[in-house]
Amino acid sequence: MNSFFISFIRKKQPLLKSPLALSFLLALISWGCAENSYSQAVNPSNSNSNPQKIQLDIPPLKEGRGGLIVADVNNDKQKDFLVTHPNAIAVYDHSGKQLWKKSVKLQLTDKAETKGLPGLHAPGIQAGDINGDDKTEVLFLSSDHKLHIVDGKNGETLREIQLNSPDGSEGWEHLVIANFRGKGDRDLLLQATNTKGYRTGRYLAAYAVDDLLKSNNPQPLWQRDDFLANAHNGVRVADLNGDNLDEVLGGTLLSPQGEMLLKLPLKGHIDSLFVADVRPDIPGLELVVLEEGGEEKKDSEKKSNSVKRNRVFLYNTEKIIWETHYNNWEPQNAAVGDFDPNRPGLEIWCRSRFNTNQKPFVFDAKGQVISNYTLNEIAPQGWTEKGVDVIFPIDWTGNSKQLAAAKERHKSGNVAIFDPISGEFLFQFQDNADRLYVADVTGDWREELIVLNGKTLHIYQNSDSNPNPKRSSLWTQNHYRRSKMTWNYYSP
């Protein structure tokens, strides 16, 4: 804001000779100072300093391996907490009581491009009713690449099986509950990376869960060895076209039967991927993909505005709706949500990739830039100059306008909720977040912040009354349920 007025004064000096113009400028400066002051304030009535606390019986997650999800594992219609550690799974009910703990070497990684999936902060675990008994099962892969299926209520083993993996892989590394045949969550998608070179999850195999539970030699429904995967993340699924079947999401978009529907014309690799109804005027849901790298400007004979590098794509099962970029800056991380209800569709906030002084930029639903700013000029005093990471869209207030939640970048630090359009930090939570997760756990459809701090979970909720209490639960949305199971650092 200050830099704007300095530039204005330098360029518009003749206008300052007019008393009316001078009065107008002073009014703008007064408004700008008030705006800047508000942007750095923290609303103490909502920065809940007394969150629910759950003590964990596992070591702290100080490295990049392991994470958490929420699911109703004891069938009491309330969300429970599942936390994964390289050597254990610990499960706690809604009140914080430990339900079970299982010592097991889990398939968890940090740098997926060198160590395989599921990637940085990924929980590496799934929960759902996979056999139709109206009870929740928990599924995971151990570090020896065996598939484990356990009772969600007590952790007792129901099935343990070693599945054949493709040549060129070490073994299966990532798993996703899916609905490929129209029978509900009765299918499982497995993914593995290539062992040589830059590792991405090119290998896929889909199985019927019934076969996995009953057969000693289950055969896949379909397989692929050419999937154009998200480089740092495990594969995701979602029902994009409303036919109650899941598509497989990546640079190649696959049908429930494993057939290729679309392939992105990437020049670099995918950093992160999101699913949302960005364009309500178009039937179904869309994918937002962020590209890292691509054509080098110095090696291209094209004009700089046509270089295919560091792009953002919006596409669905039928076509690429648009592709765009902002100065060919790497977007790296994003949040997709209704950040400006006055505009049609959703907005796409991109963080940028600068070591310090991050410069976020925001696209509207048609790929036009509508906002950009320097984060450090807006962040509260004491916030790291490296900016934010693990960025989730969040329904915090209960109003139509969504916000974004994030933690301090590259450290176990504070958590904040900010306005993606302006960058204003609205609420700050003093914590030491090793992990951050956002989901509706109280059941009023608004979302809470779940912070893993050492050996303690902190659950922050908005204590203000909900202005729209009759809105349907977010958990009824297929893509919401799927994303909350398969998130990691790059694609929360």
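The model is predicted, so local features need pLDDT of at least 70 and side-chain atom pairs count only at pLDDT 80 or more, while totals for chains, interfaces and linings use all residues. Residues are numbered from 1 along each chain as its sequence is written, and side-chain values use heavy atoms, with hydrogens and water left out.

Let me begin with charge. Side chains of opposite charge can pair when their charged atoms come close. A salt bridge here is a side-chain nitrogen of Lys or Arg within 4 Å of a carboxyl oxygen of Asp or Glu. The whole structure contains 23 of them.

One of these joins Glu173 to Arg199, with the closest N and O atoms 3.0 Å apart. The two residues sit in separate loops, 26 residues apart: Glu173 between strands E9 and E10, Arg199 between strands E11 and E12. Helices (H or I, at least four residues) and strands (E, at least two) are DSSP runs, numbered from the N terminus.

Is Glu173 buried or exposed? Glu173 is buried, at 2% relative accessibility, and Arg199 is buried at 5%. Buried means under 20% relative accessible area, exposed over 50%, and partly exposed in between (1.4 Å probe, protein chains only).

In a further salt bridge, Lys401 pairs with Asp419 at 3.3 Å between the closest N and O atoms. Lys401 is partly exposed, at 27%, whereas Asp419 is buried, at 11%. Shared partners also join Asp185, Asp246, Arg481 and Arg482 into one network.

Finally, helix H5 spans residues 478–485, and seven of its eight residues are buried. Among them are Tyr480, Arg482 and Met485.
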